[in-house]
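Please consult the sequence and structure shown here while reading.

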Amino acid sequence: MAEEAVRLLVRFGRRYAAAVRLATLVPICVIALSRATPGQFTATAYVVGAAAAWTCGYAWWLRMGRGNMPVALDVVVLLGLFASVFWTGAVEDRNTGWLRLLVTFACVTCQWHTPLLAGGAAALAAGGGAVVILIAAGAVESDRSLVTGTAWAIPGAALSGAAWMLLKRGAERADRLAAEAERARGESLVAAAARAEERELANTLHDTAATTLLLVGIGQVRSDADWLAPQARRDLDQLRSDSRQAPPYADLVDLLRANLDATHLTVEFDAPAQLRLPFDVARAIADAARETLTNVRRHAGTTHATVRLRGSERALRLDIADRGKGFSPTDVPATRRGIRESVRGRIDRIGGTATITSAEGEGTLVRLEWQAGHE
C-alpha cells in the first residue's frame, strides 16, 4: 500500500501522544493537590478536576484520529488552566510546577500528531502564553525560576518536533523504497512472463515444425510421404493454438490421444477414460509426452512404445517406455533442448518432476509425475 509507513507512523504518533498525556496526568494531579495550601486546596482541586477532564477528552479525540482543529482549543484550555494562578494563589504558594508539566507535555506531544508549522505555533502559543501569565501574576518578583522553568517548554517542543520530523522522513523514505521495490517486482514479473512465453513458443516450434522439417532434411522421412502434409498442418495448428485464449480445464487423456496420432509409432496406450486438469498442467504434460515419443521415433531405433497414465486430478504418473537401443542420460549435451526444455523444463514449471531412466541396449523409461498444490 502506498505511504503505508507514513500512515502507520502518524497513527502511532496520535496514540502515543494520548498515552503520554494520560500517563502523566495522575502524577501531575497528585503534585498539584499535595502542594496546595489548606486555604487554596478546594480551588486547586476544581482546577485539577477541569484539567483531568479536558486531558481525558483530548486523549479520546487523539485516539479517534479526526483532524487537528482541537489543537487550537487545547492551547486555549491550557492557557485558561494556567490563568487559574490568579485565583488559586499558586504563584505565592510556588505551586505552579504541575501546570508547567501539563503545558510541557502538551507542547512536546503536540508535535507527534500535527504538521510541523502547526505544532510549532501551538507550542509557542501555549509556552509563551504561560510565561506571559506568570509574569503578569508577579512570578518574576516572587521567583524568577517559575518563569524560566515554564519557558523551557518551547525548546523542548522544538526538539520533539525535530526528532519527529526525522522519523517522518525515514518513514517517507521507507515508502519510496517499498514503492520502487514493488515497481521493480512488477517489471520483473512482466519480463519473466515474456521470457516464459518466448520459451514456450521456442519449445513448441522445436517440437513441431522444426522436428518435422529436420526429419525430412536428414532423409529420415521422404518428402512425398503420405502423412507429411497432414503433419505439417497439425504443426501449424499447434503454433496457432498457442496464441488463443486457453480454457480453464482440459482432458489430459484427449490431449495424449491426439499426440499419439502424430507420432507414427505403434503405441500401447493405457489410461483412464478421462482425466480433467487445469489447462496449463494438462498441456505441459501432453507436450512433454509428445516430445518424448518424438525422441523415440528419432533416436530409439524402434517403432513401438508404451504409454501408461495413472492417478487422479490431485496426483498422477505418466510412464513412457520403449525397448529401443537406449542411451546414457549423462552424455546428452547441454545444448540439446529436447530433454532439457521440452520435457524437464515443462514439467518443472508446473511443479512436477521428470525422471529419465535409460542405458545403452536396455531401452528408456520416462516418468512424468505431478501433484496438485506443488506449482
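The following paragraphs cover overall composition, the nonpolar cores and one backbone feature.

The model is predicted. Its secondary structure consists of 13 helices and seven strands. The protein has 375 residues, of which 41% are buried. Considering contacts between residues at least 6 apart in sequence, 73% link residues that are at least 24 apart. The accessible surface amounts to about 20,200 Å², and carbon and sulfur atoms account for 60% of that area.

| Core | Residues in core | Members include |
|---|---|---|
| Largest nonpolar core | 50 residues | F82, V85, V91, W98, L102 and C107 |
| Second, separate core | 36 residues | A282, A289, I356 and W370 |

In the largest core, the residues listed in the table are those with the most contacts inside it. Several helices contribute at least two residues each to this core, among them α1 (4-35), α2 (41-64), α3 (69-82), α6 (116-136) and α9 (153-217). Leaving aside residues up to four places away in sequence, V85 touches A90, V91, T96, L99, I133 and A137.

Most residues other than glycine have a negative phi. R94 is not a glycine, yet its phi is positive, at about 55°. Is the side of the chain at R94 buried, partly exposed or exposed? R94 is partly exposed, with a relative accessible area of 40%.

Notes: Residues are numbered from 1 along each chain as its sequence is written. This is a predicted model: local features need pLDDT of at least 70, side-chain atom pairs count only at pLDDT 80 or more; totals for chains, interfaces and linings use all residues. Side-chain values use heavy atoms; hydrogens and water are left out. Helices (H or I, at least four residues) and strands (E, at least two) are DSSP runs, numbered from the N terminus. Buried means under 20% relative accessible area, exposed over 50%, partly exposed in between (1.4 Å probe, protein chains only). Contact means heavy atoms within 4.5 Å. Accessible areas come from the Shrake-Rupley method with a 1.4 Å probe; for residues, only the protein chains shown count as cover. A nonpolar core is a set of buried Ala, Val, Leu, Ile, Met, Phe, Trp, Tyr and Cys residues joined through side-chain atoms within 4.5 Å.
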